[in-house]
Amino acid sequence: MDKAALLLSLVLAQTPQADLRCVPTGEDFVYDCTVTLTRSGRPLEGARITVGADMPSMPMAHSTRPAKATPGTKPGEYRARLDLEMLGEWAIKLRLDGPVRDLLVLHYEFDSKGASPSKR
Amino acid sequence: MDDYALGVLTNIGLFSFIALSAYLLLIAGEMSFGQQAFFGVGAYAGGILTALYGWPLPLAALAAMALGALAQFLVALPTLRLRGLYFAMATLAAAEMARILFELLHWRRSIDGELAGPDGTQGFRGIRWIFEHGIEPLHYLGIVGVLLALVVGLFLVVERSKLGATLRGIGQDPELAAAVGIDVQRVKLGVAAAAGALAALGGVLYAHHNTYIEPRNFDIMLGVHSLAYALIGGLGTAFGPLLGVLLDIGVLESTRFFQGYRMIVFGGLVAVLLVFRPRGLLDERMVLWIRQRFS
């Protein structure tokens with residue numbers, strides 16, 4: 001393995017992983033979301049997260065103003081409110097700061113019941 | 001400055017490259033609906049080189065620009081034989097072909113058991129060069145700003161040179177330009193290659209700003225917007241497309257209270273503007289007036 005590949009493998013092993021659960025608030029297109037962050041299988045605590053969203057085919061036109069997430073009740077959990085413009089597929093952007101700096105992009109389908117990972 | 005403001009300003013900078021690329025073709029008399037393809041070529045090429053092969057970003061950007069220039073040169077070879085709307089339609093078709101090719105692109109590399117790289121419609125994640133090298137959002141905005149200033153400076157120099165006059169001459173009357181001995185086809189091919197390189201530079205910077213790209217990022221919406229930036233801002237100076245991007249993103253951001261309807265409001269404003277100023281706000285007449293007033 002060359003040096004660049006070794007460096008990349010170390011980086012990939014430390015890349016944070018994120019999971020998202022969202023429930024509708026009752027207000028149109030507004031969802032309360034819980035982000036669960038892990039790194040190397042362990043909860044990632046103490047991160048500062050802003051949560052934004054773009055529509056994949058219109059990344060400039062349809063985007064939301066990023067919201068700051070607050071720590072949740074369990075380790076590695078963070079909560080944020082998402083105010084979308086419409087239902088459908090959104091690319092959720094999690095900008096991490098603190099113990100780790102990164103930008104994670106998750107694709108979720110939003111409907112009247114909540115959000116589920118996009119199937120392609 | 002908060003993350004949101006930094007993100008908006010960086011986006012304005014990034015999309016200015018594709019706007020300038022559309023503008024360059026417009027002043028040479030060609031309307032392209034396909035600049036998003038070369039923006040995508042740059043994004044994918046730059047991302048592959050840094051994320052999969054560990055190239056430094058500046059080197060990857062240069063390689064991506066060369067690829068963008070080559071790609072648009074090859075598209076221009078047959079399509080520049082067409083005129084007006086036929087050329088516009090051909091560029092749109094070429095861009096859609098490129099988007100479909102991105103959907104078919106699977107360039108995965110196993111790194112210690114983890115697969116990374118473009119994965120068709122699943123997109124291309126983990127373009128993390130700026131995070132791995134500790135570049136803060138404000139620094140990245142500075143990099144984008146400096147590169148944009150260099151490009152605009154180059155445009156201003158070219159526009160005041162014989163080459164600039166040649167481009168505008170070709171744009172306004174290609175037959176007359178040919179009659180005075182200008183090799184119109186050759187100049188247009190050069191313009192197309194330069195526009196491809198410029199769009200590709202924007203694409204590389206966009207991919208590294210977002211860490212993730214997918215084929216849908218490079219669809220017709222981006223092509224229409226890039227053309228609209230130049231047409232709204234004006235065709236009289238290279239500051240025109242920049243003004244167009246600023247107005248586009250600025251108006252969209254400041255009309256959030258219209259929620260999903262703001263696109264209708266924005267579209268209406270663009271339509272009204274183009275009725276009254278078909279060559280944009282900073283058109284040739286306005287630029288001349290400003291020069292006379294301040295010289």
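## Contacts of B:L141

Two residues are in contact if their C-beta atoms, placed from the backbone, lie within 7 Å. The structure is a predicted model, and in it B:L141, leaving aside its neighbours within four places in sequence, is in contact with B:L6, B:L9, B:T10 and B:G13. B:L141 itself lies in helix α6 of chain B, which covers residues 137–159.

Is B:L141 buried or exposed? B:L141 is buried, because 21 other C-beta atoms lie within 10 Å and the cut-off for a buried residue is 20 or more. From B:L26, B:L141 is separated by 115 residues in sequence, and by 27 Å in space, C-alpha to C-alpha.

## Helices α1 and α10 of chain B

Helix α1 of chain B spans residues 3–27 and helix α10 of chain B spans residues 220–233; their axes come within 8 Å and cross at roughly 70°. That angle makes α1(B) roughly perpendicular to α10(B), because angles of 65 to 115 degrees are classed in this way. The crossing of these two helices, α1(B) and α10(B), is right-handed.

On the α1(B) side, the residues that meet α10(B) are B:F15, B:I18, B:A19, B:A22, B:Y23 and B:L26. Their counterparts in α10(B) are B:S226, B:L227, B:Y229 and B:A230. By class, the contact of α1(B) with α10(B) has nine nonpolar residues, one polar and no charged.

## Helices α2 and α9 of chain B

The crossing of α2(B) and α9(B) is right-handed.

Which residues of α2(B) meet α9(B)? They are B:Q35, B:F38, B:F39, B:G40, B:V41, B:G42, B:A43, B:G46 and B:G47. The α9(B) side includes B:A195, B:G196, B:A199, B:A200, B:L201 and B:G202, and also B:G203, B:V204, B:Y206, B:A207 and B:H208. The residues of the contact of α2(B) with α9(B) divide into eleven nonpolar, nine polar and no charged.

## Chain A overall

Chain A has one helix and eleven strands. Read from the N terminus on, its elements run α-β-β-β-β-β-β-β-β-β-β-β.

Chain A has 120 residues, of which 35% count as buried. Among its contacts between residues at least 6 apart in sequence, 52% join residues at least 24 apart.

Strand β8 of chain A, residues 77–83, has a covered face made up of A:Y78, A:A80 and A:L82. The uncovered face of β8(A) carries A:E77, A:R79, A:R81 and A:D83.

How many bridges join strand β2 of chain A to β8(A)? Seven bridges join β2(A), residues 30–39, to β8(A), and the two strands run antiparallel. Strand β7 of chain A, residues 70–71, also pairs with β8(A) in the antiparallel sense, over two bridges. A:R79 of β8(A) is the bridge partner of A:T34 and also of A:T70.

β7(A) and β8(A) form a hairpin, with five residues between the strands. In the turn of this hairpin, A:G76 has a positive phi of about 85°.

Conventions: Residues are numbered from 1 along each chain as its sequence is written. Chains are lettered from A and ligands numbered from 1 in the order in which they are written. This is a predicted model: local features need pLDDT of at least 70, side-chain atom pairs count only at pLDDT 80 or more; totals for chains, interfaces and linings use all residues. A crossing is left-handed if the near helix is turned anticlockwise from the far one by less than a right angle, and right-handed if clockwise. Helices (H or I, at least four residues) and strands (E, at least two) are DSSP runs, numbered from the N terminus. Ala, Val, Leu, Ile, Met, Phe, Trp, Tyr, Cys and Pro count as nonpolar, Asp, Glu, Lys and Arg as charged, and the others, Gly among them, as polar. A residue is buried if 20 or more other C-beta atoms lie within 10 Å of its own, exposed if 12 or fewer, and partly exposed in between; C-beta atoms are placed from the backbone. Two strands pair if DSSP finds at least two bridges between them. Axes are lines fitted to C-alpha atoms, for helices over the stretch in contact, and angles run from 0 to 180 degrees between N-to-C directions. Angles under 35 degrees count as roughly parallel, over 145 as roughly antiparallel, 65 to 115 as roughly perpendicular and the rest as oblique.
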